[in-house]
Amino acid sequence: MITIRHTHADGTLIEGSAKGDGVWETLKGLHDNWRYFRSLGQIGLGQSRDKAATTHRINRAADALRAAGHVVTVEIDESQRRTVAEIEADRAERAEHRAEGLAEAAQRRDAQATAAYEHAHQMAEAIPFGQPMMPDHHSYGRDVNYRNKIHNTFGRAFAGMDEAKDLARRAQA
């Protein structure tokens with residue numbers, strides 16, 4: 001049984017759905033801003049938290065799910081409204097949680113980029129400084145490939161460093 005529940009604190013969420021049951025595919029086709037919230041592990045209506053229920057979207061979703069063969073109940077509770085201070089405190093807490101996640105991701109990405117940089121540097125040490133490429137030599141193709149691998153590894157390392165900086169900047173914001 002699928003329950004579409006709306007409260008001011010949580011917004012509009014789908015309960016009783018499991019991956020592969022067809023609920024997400026049905027709701028996605030409605031184009032009503034239904035999303036999967038990874039942090040909650042649920043499908044919900046985007047930007048519905050701390051707002052009045054959009055009954056036309058909820059009813060359209062319930063009708064579509066019933067047409068797809070699901071048993072659907074709708075529960076709307078608009079009696080419990082939060083104060084502005086509670087809303088702002090909740091928003092600040094979610095922003096802090098998001099910032100912590102971004103900071104951890106920045107550290108992981110920086111560690112990966114540093115490891116790639118060190119690996120590329122180690123690969124480059126195998127070629128003596130100033131070693132020319134010898135087009136007529138039998139190992140020319142292998143040498144070109146190896147130098148390209150070094151170049152690509154450095155490129156991945158620098159791109160990872162840039163991504164880590166961007167994640168750290170987003171965490172700071």
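Biologist: What do the buried residues of α4 pack against?
Modeller: They pack against α3. This is a predicted model, in which local features need pLDDT of at least 70 and side-chain atom pairs count only at pLDDT 80 or more, while totals for chains, interfaces and linings use all residues. Residues are numbered from 1 along each chain as its sequence is written, and side-chain values use heavy atoms, with hydrogens and water left out.

Biologist: Which residues of α4 are buried?
Modeller: Asp143, Ile150, Thr153, Phe154, Ala157, Gly160, Ala164, Leu167 and Ala171. Buried means under 20% relative accessible area, exposed means over 50%, and partly exposed is in between, using a 1.4 Å probe and protein chains only.

Biologist: And on α3, which ones are buried?
Modeller: The buried residues there are Ile87, Asp90, Ala99, Leu102, Ala105, Ala106, Ala113, Ala116, Ala120 and Met123. They pack against α4, which covers residues 140-172. Contact here means heavy atoms within 4.5 Å.

Biologist: How far apart are the end C-alpha atoms of α3?
Modeller: They are 59 Å apart. Helix α3 has 41 residues, 84-124, so at 1.5 Å a residue it should span 60 Å, which agrees. The expected span is 1.5 Å times one less than the number of residues.

Biologist: What about the span of α4?
Modeller: The 33 residues of α4 should span 48 Å, and the end C-alpha atoms are 48 Å apart, so the two values agree.

Biologist: Stepping back, how many helices and strands are there?
Modeller: Four helices and five strands. From the N terminus on, the order is β-β-α-β-β-α-β-α-α. Helices (H or I, at least four residues) and strands (E, at least two) are DSSP runs, numbered from the N terminus.

Biologist: What is the radius of gyration of the chain?
Modeller: It is 26 Å, whereas a compact globule of 173 residues would have one near 16 Å. The radius is taken over C-alpha atoms, and the globule rule is 2.2 Å times the number of residues to the power 0.38. Along the principal axes, the C-alpha atoms fill a box of roughly 80 × 40 × 20 Å.

Biologist: How much of the chain is buried?
Modeller: Buried residues make up 29% of the 173. As for contacts with a separation of 6 or more, residues 24 or more positions apart account for 60% of them.

Biologist: Now the loops. What sits between α3 and α4?
Modeller: Phe129 is found in that loop. Phe129 is exposed, with a relative accessible area of 89%. The C-alpha atoms of Phe129 and Gly11 are separated by 63 Å, and the two residues are 118 apart along the chain.

Biologist: And His70, is that one buried or exposed?
Modeller: His70 is buried, with a relative accessible area of 18%. The residue is found in the loop between α2 and β5 (72-77).

Biologist: Which residues does His70 touch?
Modeller: Not counting residues up to four places away in sequence, His70 touches Ile2, Asp21, Gly22, Val23 and Leu65. His70 and Arg81 are eleven residues apart in sequence and 30 Å apart in space, C-alpha to C-alpha.

Biologist: Last topic, backbone angles. What is phi of Asn33?
Modeller: Phi of Asn33 is near 70 degrees, a positive value in a residue other than glycine. Asn33 lies in the loop between α1 (23-28) and β3 (34-37), and is partly exposed, with a relative accessible area of 36%.

Biologist: What about phi of Asp50?
Modeller: Asp50 is not a glycine either, and has a positive phi of about 60 degrees. The residue is in the loop between β4 (42-45) and α2 (55-67). Asp50 is partly exposed, with a relative accessible area of 21%.
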